[in-house]
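Hello,

Here is the model I promised to pass on. Please have a look at it first, and then read my notes below.

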Amino acid sequence: MKSTLLNMTAVLFGITLVASAGVGSVNMITVEPIAAAKEAATLAALNEVLPAFDATTTEELTIDDMPITVYTATAGGSVSGYAVQSMTKQGFGGVVRLMVGFTPEGEVVNVNVLEQTETPGLGTKMADEGNVLLASVKGRKLESKKLVDGKLAVTKDGGDVDALTAATISSRAYVDAINRAWMAYKSVATGEAPTDTASGATAAAGQNNEPAAQEGGQNE
């Protein structure tokens, strides 16, 4: 067949159509498994931070222009706890996401780190079982802690949350996300309206003017 502009255009169109159909088919095939995997991961995180429950309802909030999700867990029709998927953008590596569990009375049950890109061996220790950050809040009502302007803060900023060694920025980020989770918990559990204000940890970091690259004398 003689090559003409019309023939070349038709062939190109055919190739594009087939490729598009292929991409669309792959997308249709993978959407459900991806959604199922995400749902399973969320359920696993909820089970790690909540007392026993048999159902949850969700409420979406926006605090400091960040999406926060509160899961109200029930067992036998009564509230058994609250889990808050919180986040901060103040990590050394960027975004840190946490799932924080509270009893109905406000005691921290557990904290699960969902996402972090902190420095290996330093900030990544926030995800280690029994790390000092978790130990500072687990099993505690946060209002009983030494607060700075009504919020949690690491010891370097006047609070009593122990920071990870050589990872102050990551520690502040962890505390920042927990403060946001605490605010969201109070909003749903007690009706206290959340406010868009920087956490005590974030504010203190800004006041100290500490360059991220020099934090901890090394990477953090």
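A word on burial before anything else: buried means under 20% relative accessible area, exposed over 50%, and partly exposed in between, with a 1.4 Å probe and protein chains only. This is a predicted model, in which local features need pLDDT of at least 70 and side-chain atom pairs count only at pLDDT 80 or more, while totals for chains, interfaces and linings use all residues. Residues are numbered from 1 along each chain as its sequence is written, and side-chain values use heavy atoms, with hydrogens and water left out.

On confidence, the protein chain averages a pLDDT (the predictor's confidence in each residue, from 0 to 100) of 85, and 75% of the residues score at least 70. Helices (H or I, at least four residues) and strands (E, at least two) are DSSP runs, numbered from the N terminus. Confidence is highest in H2, at a mean of 98, and lowest in helix H4 (residues 200-208), at 40. Over residues 199-215 pLDDT stays under 50, and the model has 32 contacts beyond four places in sequence for them; contact means heavy atoms within 4.5 Å.

Now to the aromatic rings. Rings of Phe, Tyr and Trp (its six-membered ring) pair if their centres lie within 6.5 Å; planes under 30 degrees apart count as stacked, over 60 as edge-to-face and the rest as tilted. The structure holds two such pairs. Tyr-82 and Tyr-185 are edge-to-face, 5.5 Å centre to centre with 70° between the planes. This pair links distant parts of the chain, with Tyr-82 in strand S3 (residues 78-91) and Tyr-185 in helix H3 (residues 168-190), 103 residues apart. The pair of Phe-102 and Tyr-185 is stacked, because the ring centres are 4.7 Å apart and the planes are at 15°. Here too distant parts of the chain are linked: Phe-102 is in strand S4 (residues 94-102), 83 residues from Tyr-185 in H3. Phe-102 counts as buried at 0% relative accessibility, and Tyr-185 does at 5%. Tyr-82 is buried as well.

What gives the most to the largest nonpolar core? Helix H3 does, with 10 residues. A nonpolar core is a set of buried Ala, Val, Leu, Ile, Met, Phe, Trp, Tyr and Cys residues joined through side-chain atoms within 4.5 Å. The largest one has 36 residues, and Leu-98, Phe-102, Val-111, Tyr-174 and Ile-178 have the most contacts inside it. Not counting residues up to four places away in sequence, Tyr-174 touches Leu-98, Val-111, Val-113, Met-126, Leu-133 and Leu-134. A second, separate core of eight residues includes Val-49, Tyr-71, Ala-73 and Ala-83.

Leaving aside neighbours within four places in sequence, the contacts of Ser-86 include Val-96, Leu-98, Ala-177 and Ala-181.

At 71% relative accessibility Asp-149 counts as exposed, while Ala-166, at 27%, counts as partly exposed.

Best wishes
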